[in-house]
Amino acid sequence: MKQLTKAEEEIMHALWQLKKANVKAIIETLPEPKPAYNTVSTIVRILESKGFVDYEKKGKGHVYFPIVAKESYSNQSINKLVDNYFQGSFKSMVSFFVQKNDVDVKDIETLLNEINKKD
């Protein structure tokens, strides 16, 4: 799966939230300052060429929808982060976040409970 730019990810987040939308509806969900219509339209077409979105024709326009699930992309992105910055070790990543970000004991307990559920 290809990596997305920050702008592409922002559009994908809007589409994941909306499920189906035309360019105008996507723009409405984006924060200020709103990008130009042509900018969003171009990004959506790039996402289509990368295999992240598809469309159906509706009147004279297109309604776009994601064909890559948010969970799939998130999982791939996390794995790439772990591989690139923590030598593939989730333990190293968690340790880094615990040291750098005042992680609450309750958060750690919640994580441990989630891990134990998987076993």
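Modeller: Two terms come up at once. Helices (H or I, at least four residues) and strands (E, at least two) are DSSP runs, numbered from the N terminus. Two strands pair if DSSP finds at least two bridges between them. This is a predicted model, where local features need pLDDT of at least 70, side-chain atom pairs count only at pLDDT 80 or more, and totals for chains, interfaces and linings use all residues. Residues are numbered from 1 along each chain as its sequence is written, and side-chain values use heavy atoms, with hydrogens and water left out.

Biologist: In the hairpin of β1 and β2, which residue takes a positive phi?

Modeller: Strand β1 (residues 53–58) and strand β2 (residues 61–66) pair in the antiparallel sense over six bridges. Two residues lie between the strands of this hairpin. The positive phi, near 65°, belongs to G59.

Biologist: Which residue in β2 stands opposite Y55?

Modeller: β1 and β2 are antiparallel partners. The residue facing Y55 from β2 is Y64.

Biologist: Which residues does L47 contact beyond four places in sequence?

Modeller: Contact means heavy atoms within 4.5 Å. L47 is among the core members that touch the most others. Its contacts, leaving aside neighbours within four places, are L4, E8, I11, M12, F52 and V53.

Biologist: Which side chain forms a polar contact with that of Q76?

Modeller: Q76 is in helix α4 (residues 70–85). Setting aside residues up to four places away, Q76 touches M1, K2 and Q3. A polar contact is a pair of N or O atoms within 3.5 Å; within protein, one must be able to donate a hydrogen and the other to accept it, and residues adjacent in sequence count only if both atoms are side-chain atoms. At 2.9 Å, the partner is Q3.

Biologist: Which helix supplies the largest share of the lining of the largest pocket?

Modeller: On a 1 Å grid over the protein atoms alone, a pocket is an open set of points with protein on both sides within 12 Å along at least five of seven lines, and lining residues have an atom within 4 Å of a point. The lining includes F90, V94, L111 and K118. α5 (90–100) and α6 (105–118) each supply at least two residues. The largest share, six residues, comes from α6.

Biologist: Is K19 buried or exposed?

Modeller: K19 is in the loop between α1 and α2. Its phi is positive, about 75°, although K19 is not a glycine. Because its relative accessible area is 58%, K19 is exposed.

Biologist: What is the phi of Q87?

Modeller: Q87 lies in the loop between α4 and α5. At 69% relative accessibility, Q87 counts as exposed. Q87 is not a glycine, yet its phi is positive, at about 50°.

Biologist: What is omega for the peptide bond from E32 to P33?

Modeller: P33 sits in the loop between α2 and α3. The bond from E32 to P33 is cis, with omega near -10°.

How values were computed:
Core = buried A, V, L, I, M, F, W, Y, C linked by side-chain atoms within 4.5 Å. Buried < 20%, exposed > 50% of the residue type's maximum accessible area, 1.4 Å probe, protein only. 1 Å grid on protein atoms, 1.4 Å probe; cavity = no way out; pocket = protein on both sides within 12 Å on 5 of 7 lines; lining within 4 Å.
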